Amino acid sequence: MSSISSLQLQGTRRRALLPIASAALALAVAACGGPTSPGENASPPMMTELPRQLTAAERSAVVAGNHFSISLFRSVNQAMPAGENVAISPFSASVALGMTMNGAAGATYDAMRSTLGLDGESEADINTAYRDLWKLLAGLDPSIQLTSANAIFYRNNLQVAPAFARTSQDYFDAALRALDFGQEKASLAEINGWASEKTNGRIPKVLDEIDDDHVMFLLNALYFKGEWRARFDAARTTPGPFLGDDGVSRTVPLMHASNMPMLLGGDATATVGELAYGNGAYAMTIMLPQRGQSVDDFIVGLTPERWSTLIGSMHEAGREVVLPKFTLKYSGKWNDVLTGMGMGIAFTRQADFSRLFSETDNIELDFVKQDVFLAVDEVGTEAAAVTTVGATVTSMPAPFSVDRPFVFAIRDRLSGTILFIGAVKRLG
């Protein structure tokens with residue numbers, strides 16, 4: 001493909017593209033038996049509060065982010081084929097769209113801001129909240145690998161608007177790289193290589209081709225790797241049944257832990273369990289609909305308010321935990337999903353991205369795409385040192401057995417920020 005000149009760009013409609021490479025996650029799960037003795041392989045002290053209070057703008061960003069997370073998850077799940085597992089990173093999507101929003105103006109900016117749940121917030125406060133909240137989240141647990149990276153690749157015969165470049169670098173720490181898109185193979189190698197590097201090889205490719213009218217790609221990569229605070233014993237992992245949403249029971253590897261310290265809650269429709277990583281700042285939250293209710297029906301009714309109610313119902317408990325080992329991969333374009341959520345103008349000729357480039361303002365978005373890898377297993381057991389923290393029980397309550405479809409989320413327990421969310425419907 002040959003490159004096109006800036007003069008040619010003035011006469012044709014060009015598209016800015018956002019493939020969101022969301023390096024989601026290799027969860028290193030350590031081995032676990034019963035509680036350890038004091039001082040023996042002791043885990044980090046349990047973190048129970050943030051190191052500083054959130055600013056008003058950050059609190060608004062967390063609330064908006066979780067509303068966006070739940071709405072995006074519901075919409076993506078609804079668009080999926082029946083019975084297909086899903087795992088997304090709404091945090092990564094929010095960062096990529098938030099960065100791109102700085103190149104929008106007028107009704108396009110308002111639509112993107114509204115979709116992200118940030119109505120009424122100033123541009124300066126939004127950018128500051130993205131920057132400072134990420135710095136806070138990234139430093140909560142030194143034992144957790146949590147990285148986020150942003151990059152903007154653009155056609156080298158164009159000039160990125162200085163204000164957009166400055167904002168992208170100052171608030172999103174984005175790398176700006178001019179590429180000769182006419183040299184398609186080399187440009188693809190550069191972009192896909194960046195995605196692979198920032199995700200430890202888990203997302204090796206986000207683009208297959210570059211069209212003549214592509215002028216920009218904006219990417220966010222998010223990577224998480226953590227070890228359970230209370231560990232599973234790999235020797236106890238055995239084949240067992242997992243009842244899929246199609247009513248078929250399939251044999252899958254199930255991990256077991258006795259008297260696992262956890263948070264437990266729920267109501268008449270769902271049981272909620274939460275297992276902590278590292279120092280407890282991050283956790284996996286599992287929502288298990290009661291038998292007889294489909295996970296899709298549960299997701300349809302999962303509003304931000306219902307999410308908060310279920311999270312608020314949890315209390316400390318010790319349980320036998322049975323959790324399947326699983327690996328998920330997801331790749332999807334979200335044009336229709338985001339249009340349904342209110343930012344459809346960004347994908348049309350009415351879009352206003354006049355703040356992206358200095359001399360070219362006839363730009364619309366071609367697509368928003370996300371790729372995710374997620375694995376839960378016993379990898380990395382030698383790196384963990386865990387002391388069981390939680391209440392001991394004197395009777396034998398029902399185990400927390402995840403043996404049927406469920407919703408899961410990886411979140412910061414202290415601010416409530418959702419990093420990843422998904423649903424496992426069938427295994428095996």
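**View 1. Helix α2 and the lining of the largest cavity.** The largest share of the lining of the largest cavity, 8 residues, is contributed by α2, in what is a predicted model. In total, 21 residues line this cavity, and those that lie nearest its centre are Ala-61, Gly-65, Ser-94, Tyr-130 and Leu-133. Two or more lining residues are given by each of the elements α2 (56-79), α3 (90-101) and α5 (123-138).

View 2. The structure holds 1 cavity of 30 Å³ or more, and the space in the largest cavity comes to about 260 Å³. Rolling a probe the size of a water molecule over the atoms shows where empty space is left. Sorted by residue class, the lining of the largest cavity divides into 13 nonpolar, 6 polar and 2 charged residues.

**View 3. Asn-200, a loop residue with a positive phi.** Asn-200 is found in the loop that runs between helix α7 (184-198) and strand β6 (214-225), and its phi is near 55°, a positive value in a residue other than glycine. Most residues other than glycine have a negative phi. Because its relative accessibility is 47%, Asn-200 counts as partly exposed, a class that lies between the cut-offs of under 20% for buried and over 50% for exposed.

**View 4. The whole chain, as context for the close-ups.** The protein chain contains 10 helices and 16 strands, and of its 428 residues 57% count as buried. Among the contacts in the protein chain with a separation of 6 or more, 79% are accounted for by residues 24 or more positions apart. The accessible surface of the protein chain amounts to about 16,700 Å², and 50% of that surface belongs to carbon and sulfur atoms.

Notes
Residues are numbered from 1 along each chain as its sequence is written. This is a predicted model: local features need pLDDT of at least 70, side-chain atom pairs count only at pLDDT 80 or more; totals for chains, interfaces and linings use all residues. Side-chain values use heavy atoms; hydrogens and water are left out. Helices (H or I, at least four residues) and strands (E, at least two) are DSSP runs, numbered from the N terminus. Buried means under 20% relative accessible area, exposed over 50%, partly exposed in between (1.4 Å probe, protein chains only). On a 1 Å grid over the protein atoms alone, a cavity is a set of points where a 1.4 Å probe fits but cannot get out, and a pocket is an open set with protein on both sides within 12 Å along at least five of seven lines; lining residues have an atom within 4 Å of a point. Grid points are joined across faces, edges and corners, and a volume is the space filled by probe spheres set on the points. Ala, Val, Leu, Ile, Met, Phe, Trp, Tyr, Cys and Pro count as nonpolar, Asp, Glu, Lys and Arg as charged, and the others, Gly among them, as polar. Contact means heavy atoms within 4.5 Å. Accessible areas come from the Shrake-Rupley method with a 1.4 Å probe; for residues, only the protein chains shown count as cover.
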